[in-house]
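Please open the structure in your viewer and keep the sequence panel beside it. The tour begins with the whole chain and ends at a single residue.

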Amino acid sequence: MVAISQAESHCRTDAVGDTNITYEYAGRTYGYSIGALQVRILPGREHCEDGENYWECAHSIWQSQGYRAWSVWSNNKYLDFMK
């Protein structure tokens, strides 16, 4: 997960990405990703924006989808950060 975090955001907890694929739903913007692991904010994941819930959200995503939830796993970019 450290290598994934390095590949996703260089471990930056303030990172915001995927802003070019956002969409509006019920008066709110979704689709962007935040934090070290670039958790995508989708309907039902609004609470993930809260720093207290962020790591719990990432863990829940990992439990339900495994490492494949992170594109850097699927495209092997995380390997650049394995030591």
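The stops below move from the overall fold to one serine.

This is a predicted model, in which local features need pLDDT of at least 70 and side-chain atom pairs count only at pLDDT 80 or more, while totals for chains, interfaces and linings use all residues. Numbering starts from 1 along each chain as its sequence is written, and side-chain values use heavy atoms, with hydrogens and water left out.

Next, show the C-alpha trace, which spans about 45 × 25 × 20 Å along its principal axes. Now colour by accessibility: buried residues (under 20% relative accessible area, with a 1.4 Å probe and protein chains only) make up 34% of the 83 residues.

Then select the charged side chains, counting Lys and Arg as positive and Asp and Glu as negative, without His and the chain ends; there are 7 positive and 10 negative ones, and the centres of the two sets lie 8 Å apart, each charge being placed at NZ of Lys, CZ of Arg, CG of Asp or CD of Glu.

Finally, select Ser 5, which lies in helix α1 (residues 2-9). Is Ser 5 buried or exposed? Ser 5 counts as buried because its relative accessibility is 7%. Leaving aside residues up to four places away in sequence, Ser 5 touches His 10, Cys 11, Ala 36 and Leu 37, where contact means heavy atoms within 4.5 Å.

Conventions:
Helix = DSSP H or I, 4+ residues; strand = E, 2+ residues; numbered from the N terminus. Buried < 20%, exposed > 50% of the residue type's maximum accessible area, 1.4 Å probe, protein only.
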